[in-house]
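Reader: I'd like to learn how to read the features of a fold like this one. Can we go through it together?

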Amino acid sequence: SVQEKKIFAVKGPYPVIRSLLRARGWVERKLPCDDRRLKQQLRDQKKQRLETESSADGDEKGQAMLNPHGGAQPSLETTEPPHYPSLCNEEEEDKQEDEEEDSEDSDDIHDLMSYLVRDQVPNFLWTIRLNSIDQELLQKIEVVNRYHWVHPLSTKEGLCLSLQNLPWVEQADPDTFFPRCYRLGTVEEREAFIEDFRLTAARSLLKLALEKAGDKLVGTEQCPKSDKGPGWHRSPCHSQKGQGTSSPPRLVEEALEVCEQHLAVLGHQDIDRKTPSPCRTCIDWDSFLQDYYHVAHEGAGLALSGAQQERCQDLLRRLAEQLPQVSIEGHLNVWILKPSAKSRGRGIVCTTRLEEVLRLARGCTTPAVRVCQWVVQKYVEQPLTIFDTKFDIRQWFLVTDGNPLTVWFYQDCYLRFCSEPFSLHHLEHSRHLCNVSIQKRYKKSPHQDPRVPPHRVWSSKQFQGYLAQLGRGDAWHQVMVPGMKAAILNSLRCAQDHMGFRKGSFELFGADFLVGKDCQPWLLEINSCPTMSPSSVVTRRLCANVQRDTLRLVLDHKDNPSCSIGAFELIYKEVGWGLGGGQAAPGTCEAPTPCYVSLQAAVPPRPTVGISLMVKGCSLKKP
């Protein structure tokens with residue numbers, strides 16, 4: 001194994017990786033914390049053996065060694081190995097593998113072999129995090145499953161900032177695949193969010209006005225019983241009190257005025273104005289928002305004339321032509337706040353009130369060099385649901401090189417369901433966060449459709465079957481998959497120059513997508529080191545498959561391009577050096593075309609990456 005460079009190390013809950021590499025003939029080197037445990041156990045064994053030998057008959061000395069389970073074992077000169085206790089509590093393999101395992105404890109051999117290669121540098125490392133590995137040792141390992149710096153892609157703040165710079169890298173608009181997102185820790189973006197919230201409220205009011213005939217409500221949703229989770233805020237249902245009142249007559253006219261001015265801004269008709277954004281001062285926004293809340297959340301009536309109805313329809317149509325995200329907006333103007341660098345749904349808050357967002361933002365205003373604590377993102381109020389239940393898609397992709405950028409798309413993915421029916425009138429975790437780590441806290445709601453799977457997970461093939469039943473079978477391959485590929489590639493392209501790649505290494509990412517009612521996928525976030533813990537029969541199979549195929553790709557494909565790589569598909573690889581272009585695999589979606597491929601080695605950037613166009617200089621005296 002040493003001569004063939006087949007020594008590996010695993011750090012984290014990855015029993016499948018460990019099993020697959022052992023089956024390939026690789027030998028595991030236990031990392032330092034495990035080595036210390038092994039050495040201590042070997043010292044204890046030696047001490048017990050010496051004590052046993054001193055009291056045993058002289059004819060048996062040197063011919064037998066201590067068996068911790070009782071009895072004698074042959075010496076190392078025989079073919080049967082001695083017993084070394086298991087060093088760690090690994091996760092169980094699936095039942096079939098356990099049943100096929102013979103009576104001999106396989107860890108006996110592996111622990112002995114690990115001890116024999118304890119001084120060798122591993123050739124391959126699969127770890128859950130790099131900071132748990134000795135940095136001197138890490139520099140010597142040839143292949144590692146993590147890159148040094150991926151924050152511009154894998155943190156919420158980093159992805160938000162990276163996609164803001166997308167128009168400078170590609171001819172693409174992030175608003176077509178990434179819900180609007182702002183970093184609340186910066187003054188400029190917080191002000192931009194406030195303006196966006198107000199304008200969205202005006203559009204929402206026009207939509208509500210069109211759905212109300214006089215003071216009669218139409219399409220009002222029945223409010224289920226609340227099962228509130230921490231950090232979530234209820235959006236009140238239309239109350240009896242609200243239904244008996246009416247909003248001020250000026251409210252619709254103000255919303256129309258705001259939307260007309262916004263259209264003028266979008267058409268650059270405000271270029272000669274002295275103020276950059278007339279929408280900020282055209283009305284009393286505090287009063288407008290309170291009246292909007294009264295209509296949207298308390299059911300107050302709206303008076304709408306025939307002329308106003310025509311203006312509403314015309315403005316919303318023209319705004320939809322200019323704003324790609326009008327289709328995901330509803331009536332309640334819901335926004336979702338996320339901690340910048342947390343995962344698994346921790347700390348997320350959802351609210352419909354501007355003052356609530358700003359209250360949370362007050363404590364996170366930081367200098368530009370520090371990481372912002374919160375990002376706020378437009379919530380997709382018009383998602384595609386299955387059996388009236390919200391779901392999202394976990395989609396894997398693999399980056400095997402950063403220079404030239406090489407991206408592989410995994411053709412199998414899975415859907416994660418919530419445990420309560422979808423409703424915007426109650427914003428609990430159980431209805432709106434699809435993370436497995438969140439949903440496992442909840443039992444399936446009695447109000448939920450019984451056709452929702454008990455483990456709340458579907459494979460992509462099951463989803464395709466469901467779409468076919470709806471008569472939308474082509475949507476998966478013609479809309480969703482190309483949309484997910486394009487979103488992944490655009491995200492990588494704009495973050496590429498700020499990531500710390502390393503030759504010979506790779507990283508598997510998990511992208512989370514939400515699907516709109518028009519089947520358009522919307523990128524929510526990208527996770528580094530996605531979980532491989534099986535939470536259901538579906539994820540047990542898919543997680544094992546993607547780990548197997550990843551090893552095939554990074555270990556076998558380089559020397560044998562014709563080898564099987566399972567469900568991986570090459571969707572992008574930069575070609576050429578200096579001025580050149582990007583190349584997508586045949587049959588895949590159109591990939592972004594880079595202007596050049598940098599020859600400079602990647603260096604870890606600052607935690608906050610931005611573009612500054614300021615030039616400082618000083619005067620020079622004439623000679």
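**Overview**

Author: Of the 623 residues in the chain, 50% are buried, where buried means under 20% relative accessible area, exposed over 50%, and partly exposed in between, with a 1.4 Å probe and protein chains only. This is a predicted model, in which local features need pLDDT of at least 70 and side-chain atom pairs count only at pLDDT 80 or more, while totals for chains, interfaces and linings use all residues. Residues are numbered from 1 along each chain as its sequence is written, and side-chain values use heavy atoms, leaving out hydrogens and water.

Reader: How many helices and strands does the chain have?

Author: There are 19 helices and 20 strands. Both are DSSP runs numbered from the N terminus: helices are H or I with at least four residues, strands are E with at least two.

Reader: What share of the contacts joins residues at least 24 apart?

Author: Contact means heavy atoms within 4.5 Å. Among contacts between residues at least 6 apart in sequence, 70% join residues at least 24 apart. As for surface, the chain exposes about 30800 Å², and carbon and sulfur atoms supply 50% of that; the areas come from the Shrake-Rupley method with a 1.4 Å probe, and for residues only the protein chains shown count as cover.

Reader: Now helix packing. What describes two packed helices?

Author: Two numbers: the angle between their axes and the distance between the axes. Axes are lines fitted to C-alpha atoms, for helices over the stretch in contact, and angles run from 0 to 180 degrees between N-to-C directions. Take helix α9 (residues 187–210) and helix α12 (residues 285–298): their axes lie 10 Å apart, at an angle of about 40°. The two are therefore oblique to each other; angles under 35 degrees count as roughly parallel, over 145 as roughly antiparallel, 65 to 115 as roughly perpendicular, and the rest as oblique.

Reader: Is the crossing of α9 and α12 left-handed or right-handed?

Author: A crossing is left-handed if the near helix is turned anticlockwise from the far one by less than a right angle, and right-handed if clockwise. α9 passes α12 in a left-handed crossing. On the α9 side, the residues that meet α12 include Phe 197, Leu 205 and Leu 208, and their partners in α12 include Trp 285, Phe 288 and Tyr 292. The contact of α9 with α12 divides into 13 nonpolar residues, one polar and one charged. Here Ala, Val, Leu, Ile, Met, Phe, Trp, Tyr, Cys and Pro count as nonpolar, Asp, Glu, Lys and Arg as charged, and the others, Gly among them, as polar.

Reader: At what angle do α9 and helix α11 pack?

Author: About 125°, with the axes of α9 and α11 (residues 250–266) 9 Å apart. That pair is therefore oblique too, and the crossing of α9 and α11 is left-handed. Among the residues making the contact are Leu 199, Ala 202 and Leu 206 of α9, along with Leu 251, Ala 255 and His 262 of α11. By class, the contact of α9 with α11 has eleven nonpolar, one polar and one charged residues.

Reader: And how do α1 and α19 cross?

Author: The axes of helix α1 (residues 15–23) and helix α19 (residues 537–556) come within 10 Å and cross at roughly 45°. That makes α1 oblique to α19, and this crossing is right-handed. Val 16, Ile 17, Leu 20 and Leu 21 of α1 make the contact with Ala 544, Gln 547, Arg 548, Leu 551 and Leu 555 of α19. Those residues divide into seven nonpolar, one polar and one charged.

Reader: On to the backbone. Which peptide bond is cis?

Author: The bond from Asn 403 to Pro 404 is cis, with omega near 10°. Pro 404 is found in the loop between β11 (391–402) and β12 (405–410).

Reader: What about phi of Phe 387 and Cys 519?

Author: Phi of Phe 387 is near 55°, a positive value in a residue other than glycine. Phe 387 sits in the loop between β10 (374–378) and β11, and is buried, at 13% relative accessible area. Cys 519, not a glycine either, has a positive phi of about 70°. Cys 519 belongs to the loop between β15 (507–515) and β16 (521–528) and counts as buried at 2% relative accessibility.
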